[in-house]
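Please examine the structure shown here. The paragraphs that follow lead through some of its helices, strands and side chains.

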Amino acid sequence: MSARLVTFPIGPNPAPRLDKALARDVPEGASLSRSRLARLIEAGAVAVNGAVVLDARAKLAEGDLIEITVEEAAEVETRPEAIALDILFEDDDLIVVNKPAGMVVHPAPGTPGGTLVNALLHHFGGNLSGVGGEKRPGIVHRIDKDTSGLLVVAKSDRAHHGLAEQFAAHSAERAYVALCHGVPEPADPRLRGVRGVSFEEGGVLKITTHLGRHKTDRQRQAVLFSGGRHAVTRVRVEESFAAAVARVSCRLETGRTHQIRVHMAHVGHALIGDPVYGGRRKVSEKVLGAEPAAGLNGFPRQALHAATLGFLHPVSGEAMRFAADLPTDMAELMAMLRETGL
């Protein structure tokens with residue numbers, strides 16, 4: 001894998017922190033979005049006056065010399081595959097799809113095929129935007145393999161740049177539906193003692209922390225209060241069942257890896273079926289009945305669905321908003337819970 005070196009000085013009146021200064025002063029021709037710059041800082045690929053800087057909040061001075069080492073991704077060898085897609089919208093610049101649970105978004109070691117990218121390459125005749133050396137052509141955001149729901153994918157470089165900027169600036173609307181253990185409501189005094197928790201008008205639970213790699217398990221994310229990346233999730237209870245289970249809406253202000261799953265576990269309301277962050281928590285059949293409890297405790301994935309997606313069209317500027325109904329497995333769980341009358 002080859003690498004290129006992007007060098008430039010910090011201009012007058014520098015932004016108050018490294019990540020913002022880079023976003024302002026990086027040469028346009030470098031094709032480095034804010035989100036890519038953040039990843040490069042985290043990876044140790046950014047040096048200031050010859051010294052690597054890992055802290056995105058580091059202060060800079062006018063004239064500081066920036067050196068960014070950008071590894072160029074190898075040509076994507078992913079093959080098109082004739083996999084059916086649930087398409088909500090498509091034009092010359094982008095496509096919005098409803099991804100099923102169980103589908104990986106992009107190829108990776110161990111999953112070279114059967115991914116959303118394989119399906120999209122077939123649908124588009126082999127062409128997807130690959131701006132900025134990304135290994136994930138066209139992909140500007142993602143959802144976990146076992147999370148269902150909405151994704152927007154760029155078909156052109158101009159759309160890729162525009163969408164990436166919106167996601168980096170947290171201006172895109174993303175709302176999820178989830179089923180969690182217990183009921184995260186303002187009346188619970190325990191929640192008010194959890195670090196990073198606050199409440200907003202309308203009973204909205206706001207979770208504000210940093211997220212970073214777990215110290216001992218590199219496959220997991222962990223809540224941090226120094227280091228890591230800023231993360232904000234807002235949670236509203238939509239329905240509750242015998243104080244044992246709640247249907248909640250989760251809105252992302254930021255979009256970090258596993259953000260909703262980690263935040264919900266942090267406040268003591270892990271998602272139903274979450275194999276990584278849910279622990280061994282079970283729903284009691286004495287509370288909900290044997291059949292609903294068995295359905296909840298045997299749910300084979302995190303009960304999480306990306307239900308709403310909104311953004312400005314990166315070319316036309318038109319406001320766009322999409323919604324996707326719950327997938328069959330989550331809809332069946334909801335029907336079972338409502339039948340209890342609890």
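The buried residues of helix H4 are Ala159, His160, Gly162, Leu163, Ala164, Gln166, Phe167 and Ala168; buried means under 20% relative accessible area, exposed means over 50%, and partly exposed lies in between, computed with a 1.4 Å probe on protein chains only. This is a predicted model, in which local features need pLDDT of at least 70 and side-chain atom pairs count only at pLDDT 80 or more, while totals for chains, interfaces and linings use all residues. Residues are numbered from 1 along each chain as its sequence is written, and side-chain values use heavy atoms, with hydrogens and water left out. Helices (H or I, at least four residues) and strands (E, at least two) are DSSP runs, numbered from the N terminus.

Helix H4 comprises 12 residues, 157–168, and its first and last C-alpha are 16 Å apart, close to the 16 Å expected at 1.5 Å a residue; the expected span is 1.5 Å times one less than the number of residues. The cover over the buried residues of H4 includes helix H2 (34–42) and strands S7, S8 (173–181) and S14 (304–312). After H4 comes His170, with a positive phi near 60°.

Four strands form an open sheet in the order S1-S4-S2-S3, with antiparallel pairing. Strands S1 (3–9) and S3 (51–52) stand at the edges with a single partner strand each, so one side of each has no neighbour in the sheet. Two strands pair if DSSP finds at least two bridges between them; S1 and the antiparallel strand S4 (residues 65–71) are joined by seven. Within this pairing, Leu5 stands opposite Thr69 in S4. H2 packs on the sheet, touching strand S2 (46–48) and S4, and its direction makes about 95° with that of S4. Such axes are lines fitted to C-alpha atoms, for helices over the stretch in contact, and angles run from 0 to 180 degrees between N-to-C directions.

The structure holds two aromatic pairs; rings of Phe, Tyr and Trp (its six-membered ring) pair if their centres lie within 6.5 Å, and planes under 30 degrees apart count as stacked, over 60 as edge-to-face and the rest as tilted. Phe89 and Phe322 form a tilted pair, with 5.8 Å centre to centre and 45° between the planes. This pair links distant parts of the chain, with Phe89 in strand S5 (residues 87–90) and Phe322 in strand S15 (residues 319–323), 233 residues apart. Phe89 is partly exposed at 24%, while Phe322 is buried at 12%. Phe89, Phe311 and Phe322 form one aromatic cluster.

Finally, UniProt places the feature "active site" (unreviewed entry) at Asp144; UniProt positions are given in the numbering used here, feature names are shortened, and annotations may be inferred rather than shown by experiment. Asp144 lies in the loop between helix H3 (116–123) and strand S7 (148–154). With 22% relative accessibility, Asp144 counts as partly exposed. Apart from neighbours within four places in sequence, Asp144 is in contact (heavy atoms within 4.5 Å) with Lys99, His258, Arg261 and Gln302.
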